[in-house]
Amino acid sequence: MKAGILLAIIAGLAAALWFGGVLQPAARDILISQATATPSLNGEVAVVLTIENQGEPDRILSVESVAGPAHFQDSQDGLPVRTGTSSLAQDAAFVRLTPTDAVIEDGALLPITLMFESAGRVAIKARFNPPEPGDADVMGHGSLNHVVASGPYPSISLTAEETNDGWLARITTENFTFSEAQQDGDHIPGHGHGHIYVSGMKLGRIFSDTFTIGALPAGEHILRVTLNTNNHLSYVVNDQPLMAETVITVD
């Protein structure tokens, strides 16, 4: 009798571990907000969201949905989730979902499940919001939303250094002025801000020559910074987006 009870307890604990129960405290450190879904090309829906990781660095391994087949745009080996805030965004990696329902009502909640390496399964619901007239197609990654830089052309270079708290990005520019006060304003040649990404995850905007990345999971990560205008267009020089990349290796 006692042996049977013991086996039942062990089985229950194993089930809790497998299904992301109380034995996965890392899940409590993952807070997801601003999950929205927007119609895209070929009947797909693009899902973007913000992740606040209050624990150790993690990694998103896969995504699934009972609403239809789902996978990540621009991700092959998982997405690094730093300690702090990062996002799945229209100009970075995002969820591509093909709904099985032909018609989705405005405001409908689409179930999405993200599988984290440490936190396990985290289920959310993304609100379906049709785009406003004139919005760019998210599948284009904003590639049509750019401005051709005029001379003297801006330039950018990028390095990353390890710190006590993780990593720090250092950005060097020429013929360019970071201007936080002018963001969302009119385009001024040679002025604007940067966008910073790590292996597909968007970390935020840059308004100075440094950005605190913080702690990242083990592995190699591609750090990328782009230069953008005050009104959020991409700078282009010689038909190429103005950007810089470097590789961060975390042991």
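Is T38 buried or exposed in this structure? The model is a predicted one, in which local features need pLDDT of at least 70 and side-chain atom pairs count only at pLDDT 80 or more, while totals for chains, interfaces and linings use all residues. Residues are numbered from 1 along each chain as its sequence is written, and side-chain values use heavy atoms, with hydrogens and water left out.

T38 has a relative accessibility of 14% and therefore counts as buried (buried means under 20% relative accessible area, exposed over 50%, and partly exposed in between, with a 1.4 Å probe and protein chains only). The residue belongs to strand β1, residues 30-39; strands (E, at least two residues) and helices (H or I, at least four) are DSSP runs numbered from the N terminus. When residues up to four places away in sequence are not counted, T38 touches E44, V45, A46, N129 and P131, where contact means heavy atoms within 4.5 Å.

An open sheet is formed by three strands in the order β11-β12-β16, with antiparallel pairing; two strands pair if DSSP finds at least two bridges between them. Strands β11 (155-163) and β16 (210-214) each have a single partner strand and stand at the edges, so one side of each lacks a neighbour in the sheet. On average, neighbouring strands of this sheet are turned by 20° against each other, direction ignored (axes are lines fitted to C-alpha atoms, for helices over the stretch in contact, and angles run from 0 to 180 degrees between N-to-C directions). Four bridges join β12 (residues 166-174) to β16 in the antiparallel sense, and W167 stands opposite G214 in β16.

Rings of Phe, Tyr and Trp (its six-membered ring) pair if their centres lie within 6.5 Å; planes under 30 degrees apart count as stacked, over 60 as edge-to-face and the rest as tilted. The count by this rule is two aromatic pairs. F176 and F178 form an edge-to-face pair, 5.2 Å centre to centre with 85° between the planes. F176 and Y235 are also edge-to-face, at 5.9 Å centre to centre and 85° between the planes. Because F176 lies in the loop between β12 and β13 (177-178) and Y235 in strand β18 (residues 234-237), this pair ties together parts 59 residues apart in sequence. F176 is buried, with a relative accessible area of 9%, and Y235 counts as buried at 2% relative accessibility.
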